[in-house]
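Subject: Structure handover

Hello,

Here is the structure I said I would pass on. My notes on it follow below.

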Amino acid sequence: MTEERCIRFGPNGFELWTHQSSLTHLLALRVRRLNAYLADHRALRRSVTLMATVLALIVLPAIVGAVAMASGGSGASDSSTIDALSWTNIRDKRGVALSDYAFITNNGSVIRPDHTIVSLLLKLECTGYLIIVILAIWLIGYTLSFEWMDAVAGLLTAAAQNFALNIATTEVRALGVCIGGFIVAIALTRGFTSRATTQTLTIMANAVLGVLVLPNPLGETFSSHGLLAQARNLALAVSAGLHGSSGRSTSAMIPALQTELADAFASRPLKMWNFGHSIPDDSPCGIAWSTGIRTGSSDSVKDNLRRCGDLSAVAHADSPSVAQIGTGALLIVTSTLLLALAVYMAAKVVGAALDTVYHAFKIIFALAFGGYIPGPTQTTLIHGIVGGLVAAGKMSAFTLGVSIYTFILIGIFDSARGHEMKASFLASIVVLAALSQARRFSAALDRSNDEITKRIAAMLSHSNGRSEMIPSPSGVSPMMRWTAAMTAMNAFNSSPAAAWMLGRRLGPLNPRSRIRQAAENNTMRLAASGQLLEWHAEQVAVRRILDLRMLEKANDNGGMASDIGRAFAWDALGDHEADYKGKIGAMVRAGVPDSVISRIATVAAVTRATTDSNPFEFRPRVVAQAALSAASENGRRTGPWAGQFRGWAVVTADNFANNTPDPAIGSVTDQRLLNRARNAWKSGVMLDEALAPQEWENASIDTLKNMGKELSVEYRERVRAWAESSEENARRGINDDPEDRRMLAEALHMLDQSRVFENVTDELPNDPWPGSRVGVKPPGSLSEAEPVP
């Protein structure tokens with residue numbers, strides 16, 4: 001498991017998010033991102049595709065060769081045997097196993113490290129090349145020998161007999177006959193005598209076939225004289241004639257074919273690659289090479305070639321070069337194409353045989369029940385019979401195709417002795433053509449199966465000289481079949497029967513139908529119990545009260561059309577403990593634009609974030625100071641934000657004045673001291689300079705409370721005057737008015753006087769503004785779960 005960290009917006013604002021991911025999930029994510037990136041960069045995508053192709057055709061076989069060399073025991077010799085493929089027993093004309101082949105070269109030394117590296121790469125390429133060729137030749141022989149069919153015949157025959165025994169009961173067949181007879185009777189009643197006669201004969205023929213086939217359904221398929229066996233014998237007989245061995249048995253023909261392929265694709269190209277020229281198999285040097293290969297020693301091969309006089313081959317083997325690596329890459333490409341052809345042809349042969357078995361199981365069902373009922377079920381019987389015959393023919397055709405293309409490839413190499421590289425290139429072209437033609441041939445056979453089925457079904461359903469075509473399942477276009485299937489599925493999903501059958505859910509095939517049905521059931525239970533109606537009534541009452549209080553507060557301060565009135569509306573909602581969603585809903589219902597609501601919430605959040613959190617200061621004054629500081633920076637500017645900052649400054653000033661403690665009722669205050677304080681803030685003199693410290697200490701708490709109250713009220717009036725004047729000038733298009741600047745300066749002066757008053761009285765015994773006042777909430781504060789917009 002690994003951790004992914006990122007920044008996301010959560011309930012408390014921006015926060016660090018940590019996510020646990022598995023390596024598989026991360027790898028899949030990286031692959032998807034890489035695919036999306038390559039899709040947007042065509043040149044890079046082509047380069048990556050080319051590199052992947054080179055990796056698959058050259059590097060991968062070299063890796064396979066390295067694994068094979070590591071797993072093969074080398075003993076005292078320097079040439080390894082591919083023990084993992086020795087069981088294939090693929091041999092050349094001289095009887096040497098292809099798994100014993102090796103690349104004869106100079107292993108290098110300390111003096112020539114370049115030879116060591118090149119020889120190692122050549123041996124790895126050779127081992128990978130031989131693995132591909134051996135597998136391809138063995139697969140072709142195994143396909144033509146039909147040993148795979150003998151391995152599955154017994155199991156499939158037993159399965160078919162068991163299936164027929166369970167389904168082809170007397171009751172099931174009687175039911176089919178009754179339904180078919182009823183349809184025939186309807187045709188006679190309507191006057192379709194010809195159609196009724198044809199249907200009756202078809203029912204009788206189905207009964208006779210059922211008696212003959214159902215006791216051993218696959219007996220005519222896998223028996224020695226059955227359908228697949230006859231198709232196999234026909235293809236092998238033609239193949240034997242093509243290879244000039246018509247008198248041979250299958251067991252003798254297949255090894256001979258594999259021997260010819262081994263000489264064509266392994267022995268001759270390897271000698272040309274290794275020694276730079278062709279060495280005939282029957283020549284003294286060819287015999288010497290085979291003898292040396294059997295010993296498993298490179299030195300023995302070189303000595304034998306030296307004794308037979310082929311000094312050029314010895315010199316070429318002792319001088320490995322990078323050019324030989326390129327030659328090996330070309331041979332690997334050729335061998336890979338041969339393996340692709342062998343795999344495709346083998347898959348087609350095996351698939352055709354299994355298609356025959358599939359159609360046989362369809363025939364079992366049709367003979368037991370469906371064949372007695374005229375219409376689509378009888379068409380299924382016809383489709384199964386025709387499909388089985390076509391599949392057998394396809395198996396025979398592809399078996400013959402393997403033999404024909406093998407004969408062509410062997411002929412190319414036989415006619416190009418001494419030019420094996422040219423033959424390898426031509427063989428690659430032939431293999432590509434064979435793959436393309438095989439795909440087209442397979443598609444044509446599939447289409448013929450459907451066409452034959454439709455024609456036979458039309459002949460059986462003729463009536464009064466008219467031909468009524470009964471389309472087979474594949475007789476229509478794929479789009480029509482898809483549309484019909486989707487229509488039927490939609491009808492079933494919408495029916496009450498589907499809802500009752502699949503757990504009493506409406507639309508049971510829809511995504512999350514179970515969860516949606518559970519939610520609907522809970523809603524219905526709440527509605528039946530009356531709780532849902534009570535909850536709805538409570539919500540309506542809460543909204544009505546919130547709207548009423550919001551509009552009252554806004555109308556007292558300019559209405560919902562002014563910035564000050566909207567700010568007071570937002571603050572009133574907070575006073576009634578409305579959450580964030582409740583505030584937005586109330587403002588929207590009042591007709592406030594979304595952009596204005598967002599700015600009001602942002603200004604309130606900014607004020608809260610910039611408010612000093614000192615617990616020993618009077619909280620309403622600190623909030624008012626933060627709001628006016630923000631408004632003084634933004635309120636003098638043009639644009640939509642200025643009005644919201646000015647309005648929020650008025651709200652905080654009003655809260656400051658309302659939350660300032662009042663003197664006790666009937667208390668006696670020192671009017672002389674109050675008059676001196678009033679004269680000081682009106683004349684611009686700070687309070688700490690106007691009054692002596694002894695006067696502050698001797699003042700009563702009611703006198704100080706009265707002084708603080710007048711300060712906060714005076715501050716509120718001056719802030720409101722500045723905000724209303726600025727808003728009016730903004731409507732008229734007047735910006736940066738000198739009178740507005742003067743009123744803002746007076747408001748800031750009163751705020752400074754309030755700060756000085758709090759600092760002077762903070763440590764007095766008669767402190768009128770305690771720092772941590774219980775129950776005093778900053779105006780417009782948001783709940784803890786409320787995100788900052």
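Lysine 553 is buried, at a relative accessible area of 14% (buried means under 20%, exposed over 50%, partly exposed in between, with a 1.4 Å probe and protein chains only). This is a predicted model, in which local features need pLDDT of at least 70, side-chain atom pairs count only at pLDDT 80 or more, and totals for chains, interfaces and linings use all residues. Residues are numbered from 1 along each chain as its sequence is written, and side-chain values use heavy atoms, with hydrogens and water left out.

Lysine 553 sits in helix 19 (residues 531–555); helices are DSSP runs of H or I with at least four residues, numbered from the N terminus. Beyond its neighbours within four places in sequence, lysine 553 has contacts (heavy atoms within 4.5 Å) with Phe568, Asp571, Ala572 and Asp575. Its C-alpha is 5.9 Å from that of alanine 569, 16 residues apart in sequence.

Next, the aromatic rings. The structure holds 15 aromatic pairs (rings of Phe, Tyr and Trp, the last by its six-membered ring, with centres within 6.5 Å; planes under 30 degrees apart count as stacked, over 60 as edge-to-face and the rest as tilted). Tyrosine 129 and tryptophan 273 make an edge-to-face pair, 6.1 Å centre to centre with 85° between the planes. This pair links helix 3 (residues 113–145) with helix 9 (residues 250–275), its two residues being 144 apart. Tyrosine 129 and tryptophan 273 are both buried.

One aromatic cluster is formed by Phe618, Phe656, Trp696, Tyr715, Phe757 and Trp769.

Regards
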